[in-house]
Amino acid sequence: MSFSKLKPKTTVSRPVQRVAQNAKKKQVRNQVVFFDYRDDRKLRRFINEQGKIIPRRITGLSAKEQRLLTKSIKWARHLAIIPFVSNQIR
C-alpha cells in the first residue's frame, strides 16, 4: 500500500483570522490554574453561605479546574482551615 493513497484528496483551509482567534482562545484557556489549599480567602469565593461548593456552571471553571478546586477545598476542610458548615447553620 502506498502512502499517497492514505492522504485525503482535498484539504480544507481555514481563514487566517479564524485560526488566530482560536489560538488566542487556546492561549487563554491554557493558563495554569492552581488552587492552594492554604489560601482560604480564595477558596471561600467558591463556597456558598451553607458551606457547599458552588457548581462549575455558575463559577465558569472547566471540569479539570473544578476537580482541582474541589480537591483543594476538601483538603482545606480536612485540615480545619475552612469549616465544613458555616456558623450560621450550626
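**The aromatic pairs**

Modeller: The protein chain has four helices and zero strands, and along the sequence these follow the pattern α-α-α-α. The model is a predicted one. Of the 90 residues of the chain, 21% count as buried. Among contacts between residues at least 6 apart in sequence, 53% join residues at least 24 apart.

Phe35 belongs to the loop between helix H1 (16–29) and helix H2 (40–44), while Phe46 belongs to the loop between H2 and helix H3 (56–59); the two residues are 11 apart, and the pair links distant parts of the chain. Phe35 has a relative accessibility of 7% and therefore counts as buried. Phe46, at 9%, counts as buried.

The other pair is formed by Tyr37 and Trp75, with ring centres 6.4 Å apart and planes at 80 degrees, so this pair is edge-to-face. Because Tyr37 lies in the loop between H1 and H2 and Trp75 lies in helix H4 (residues 63–78), the pair ties together parts that are 38 residues apart in sequence. Tyr37 counts as partly exposed, with a relative accessibility of 31%, and Trp75 counts as partly exposed at 42%.

Tyr37 has a further neighbour to consider: Arg38 lies over the face of the Tyr37 ring, at 5.5 Å from the ring centre.

Notes. Residues are numbered from 1 along each chain as its sequence is written. This is a predicted model: local features need pLDDT of at least 70, side-chain atom pairs count only at pLDDT 80 or more; totals for chains, interfaces and linings use all residues. Side-chain values use heavy atoms; hydrogens and water are left out. Buried means under 20% relative accessible area, exposed over 50%, partly exposed in between (1.4 Å probe, protein chains only). Contact means heavy atoms within 4.5 Å. Rings of Phe, Tyr and Trp (its six-membered ring) pair if their centres lie within 6.5 Å; planes under 30 degrees apart count as stacked, over 60 as edge-to-face and the rest as tilted. A charge sits over a ring if NZ of Lys or CZ of Arg is within 6 Å of the ring centre and within 35 degrees of the ring normal.
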